[in-house]
Structure formats: C-alpha cells, structure tokens
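This briefing summarises the structural features of a single protein chain for computational work.

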Amino acid sequence: MFTLNQLAAILLSLLVVGSLAGVAAAQQGPSAGGAVVVDEGETVDGDLDAVGGTVVVAGTVTGDVSATAGTVLVTETGVINGNLDAVAGSATLEGSVGGDVSLAGGAVFVRDTTDIGGSLDAAGGTVRLDGAVAGNVRVGADELAVGPTARVGGALEYDATTATVDSAAVVDGGVRQVDDLAVAAPVVAGTPFQFGQSDFVIPGWVVSGYWLLANFVVGAIIVLVAPGFARRVTGLGTKQAVRSGGVGLLAIVAVPIVLLLLVLTIVGIPLSLAGGVGFLLALWVAGVYGALVLGTWLLSLADYDNRWVALFAGLFVLAVLDFVPLGGVLEFVVLLVGLGAFALALRGESADDGDENVSAPDEGPQGGSPMA
C-alpha cells in the first residue's frame, strides 16, 4: 500500500509534471501540449501513454491508457477498452473502462456513471466510489466514502483512517477492513513509479529503517551547521507548539496554492518549478526539525537533555508510527509543528527566553560529552 510519505512524494512530483509541456505517445493520439485530450468522437487505436498538466479522455481508446498529470478525467462519453493506470493530483472517472483500473492521487472520484469491467485499485487522500465495478475493489486512503449508487461485483477491501459505506450500496463479495492492505501501484509512463512487471515488494521495515538513517544524517548536518538556529526551532516547537502547528498548517495549505497559481502564468512556470522543489526540501527539513522537537519534549518528561539523543528518539518514534493505526495523523501533526517552528525561526522569532534548558550540540547533560 502507498504510505503517506509515498503519496506526498507523488503529489509534489505532480506539481513538476503539471508545469511541463505534456507529452503523448500513441499509435494515433492527440497533439503534445500542456493538456492531452482525446476529444469526444475521436478514436485512438492502440495504447495511449500521456504525461501533461491535464489528461482528458472524452473519446475512445481501443487499448490501455497510462496517464500522469495534475488532473486526469475520463468523461461520461469516454471509453477505454483496455486497462487504465493513472497517477494524478485529482483523478475522476465518469465513463467506462473495459479492463482493470489502478489509480493514485490526492483525490480519486469514481462517479455514478462509471462502469469498470475489471477490478479497481485506488490509493489517495480521499477516495469516493459511486459507480459500478465488476470485479474486486481495493482502497488505501485517509478517507473512503462509498455512495448509495455504488455496485461492486466482487469484494471491497480497504485500509482507511475513516470509512463510510452507504447502506444502499451493493457489494456482492462483502466489505472488509484490512490493516496494511497492499494496493497495486499504477504502472505509468514518464514517472519514477514504473518498476516493470516485477512483483517484488521491499518490506516496510526496510524502508522505514532507510528513512530513519537518512533523516538522522540530515538532522546531524542541521545540528552541526546551524546549532543556534536549531535551538530556536526546538524552543519554538516545544514551548509554542500550538502556534507553531497553526503556522505550519497555514504554510502547507497556502504555499501549494500559490505555486499552482504561478503555473497558470507563462512567466511564473519557472518560479513554480523552483518553488515546488524548494518546498519539497523545506518539508523534509521541517519533518526532521519536527522529530527533534518531539524527541526533546519526550526527553524533558524524564528531565534529560541531549540533542543527539532527542534527534534519534524523535525519528525512531516517527518510524514506529508508520506501523501504528492513526500513526500517519500523528506524523502529520509533528510535521506541522516542525514546519511552523521552522518558519517562525526564519523570521527571527524565538520562544520566550529561548530554549536554554536544551543542551547545545557540543554539550551533553551536565556539560558532558556531546555523544553522551
């Protein structure tokens, strides 16, 4: 299944994709451009591989469709005879797909006019199912909603933070909640998510261990290069956690909106591209700062101060949360606090009286060794 970190990487990469000119590769397909469109009444013979800011299928594709875009839409008149694989910021199905469908995105909508002849695999922040699926449905999401018009010929399996299934929905194979459900990733063109046809899956604990080590290295660099700034961020995060979280929430909502608005202007596209990369790096650094804040707070409960131990403890707790129900929500809160404290520290702010009780990187408890 896609983790929250993987989805975040997908959505941030789509900002880059959306700012580039679209590319379509097909036996007979639409012209290249920011929008790749198969018009109503138009037929594409064979497969369609499309990358663009927007991909719209309003006509007929006789083969498979593979799409990567900011927005993917199959309208009511759209017909795909083969399979559909798509990664998008927003994916909406209104037409018919003869084969299997695999979708990943911030929001996935399967409308009541949709008819899927095979199975459906969907991963996203929000997934809503109102249409007909002949086969099985597997969903990994923060929020799942199954409407009254939904018709599923097979079973519905889901792993979601919140899930609602209308009593009028028909699921012949039954509904089942499955922890750590593995949802098939779309195999799409033009993205780093295509790994061929291999079924090899890296164990979750290996991925978590890798990120724990990588984040600790980044955290060590942060602490060593700018210890004073790190102390300011830690002080703000621990002593003004609510305010820091509020600022982080404002930043994580406002910055992507500004970047997407820049995409709409020719002059702003390079700025949006650079800003998207910068925001991605800022989120990574903010997440590490958030772990440092979390670790510092946890150690303070035991009346112990050591920045290195705090850094490792915070990162370790966040790694463990990947395997805990609602752990993603707690990780997001830590990210918000870290991002907000980071932003406030960039403005030159600090907590009242700083964070003098938090030891500097060259000080252990009672002035001992920094690695104590």
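How many aromatic pairs does the count come to? The count comes to 5 aromatic pairs. The model under discussion is predicted. Its chain has 372 residues, of which 46% are buried, and its secondary structure comes to 7 helices and 18 strands. Among the contacts in the chain with a separation of 6 or more, 37% are accounted for by residues 24 or more positions apart.

**Aromatic pairs**

- The ring centres of Phe229 and Tyr289 are 6.0 Å apart and the ring planes stand at 65 degrees; because planes over 60 degrees apart count as edge-to-face, the pair is edge-to-face.
- This pair links distant parts of the chain, with Phe229 in helix H3 (residues 227-239) and Tyr289 in helix H5 (residues 268-301), 60 residues apart.
- Both partners, Phe229 and Tyr289, are buried.
- The rings of Phe312 and Phe316 have centres 6.2 Å apart and planes at 20 degrees; since planes under 30 degrees apart count as stacked, this pair is stacked.
- Phe312 and Phe316 lie 4 residues apart in helix H6, which means that about one helical turn separates them.
- Phe312 is partly exposed at a relative accessible area of 43%, and Phe316 is partly exposed at 44%.
- One aromatic cluster is formed by Phe216, Phe312 and Phe316.

**Nonpolar cores**

- The largest nonpolar core contains 42 residues, and Leu84, Leu103 and Leu120 are those with the most contacts inside it.
- Strands E2 (35-38), E4 (48-57), E6 (65-74), E8 (84-93), E10 (101-110), E12 (120-129), E14 (137-146) and E16 (156-165) are the elements that give two or more residues to this core.
- Apart from this core lies another, of 26 residues, which includes Phe229, Val233, Leu292 and Leu344.
- Leaving aside residues up to four places away in sequence, Leu84 touches Val65, Val74, Leu93, Val97, Asp100, Val101, Ser102 and Leu103.
- As general background, nonpolar side chains in soluble globular proteins tend to be buried together.

- The buried residues of H6 are Arg307, Trp308, Ala310, Leu311, Gly314, Leu315, Leu318, Ala319 and Leu321.
- Viewed down the axis of H6, these buried residues fall within an arc of 170 degrees, so they line one face of the helix.
- The N-terminal end of H6 is capped by Asn306, which has a side-chain oxygen 3.0 Å from the backbone nitrogen of Trp308.
- Asp303 is located in the loop between H5 and H6.
- Although Asp303 is not a glycine, its phi is positive, at about 55 degrees.
- With a relative accessible area of 74%, Asp303 is exposed.

**Helix H4**

- The 23 residues of helix H4 (residues 241-263) should span 33 Å at 1.5 Å a residue, and the separation of the end C-alpha atoms, 33 Å, agrees.
- Ser244, Gly245, Gly248, Ala251, Ile252, Leu259 and Val263 are the buried residues of H4.

- Ala286 is placed in helix H5 and is buried, with a relative accessible area of 0%.
- Not counting residues up to four places away in sequence, Ala286 touches Leu335, Gly338 and Leu339.
- Ala286 and Leu335 are 49 residues apart along the chain, and their C-alpha atoms are separated by 6.4 Å.
- Gly209 is found in helix H2 (residues 204-225) and counts as partly exposed at 36% relative accessibility.
- The C-alpha atoms of Gly209 and Val320 are separated by 9.8 Å, with the two residues 111 apart along the chain.

Conventions. Residues are numbered from 1 along each chain as its sequence is written. This is a predicted model: local features need pLDDT of at least 70, side-chain atom pairs count only at pLDDT 80 or more; totals for chains, interfaces and linings use all residues. Side-chain values use heavy atoms; hydrogens and water are left out. A nonpolar core is a set of buried Ala, Val, Leu, Ile, Met, Phe, Trp, Tyr and Cys residues joined through side-chain atoms within 4.5 Å. Buried means under 20% relative accessible area, exposed over 50%, partly exposed in between (1.4 Å probe, protein chains only). Contact means heavy atoms within 4.5 Å. The arc is that of the directions from the helix axis to the C-beta atoms. A polar contact is a pair of N or O atoms within 3.5 Å; within protein, one must be able to donate a hydrogen and the other to accept it, and residues adjacent in sequence count only if both atoms are side-chain atoms. Rings of Phe, Tyr and Trp (its six-membered ring) pair if their centres lie within 6.5 Å; planes under 30 degrees apart count as stacked, over 60 as edge-to-face and the rest as tilted. The expected span of a helix is 1.5 Å times one less than its number of residues.
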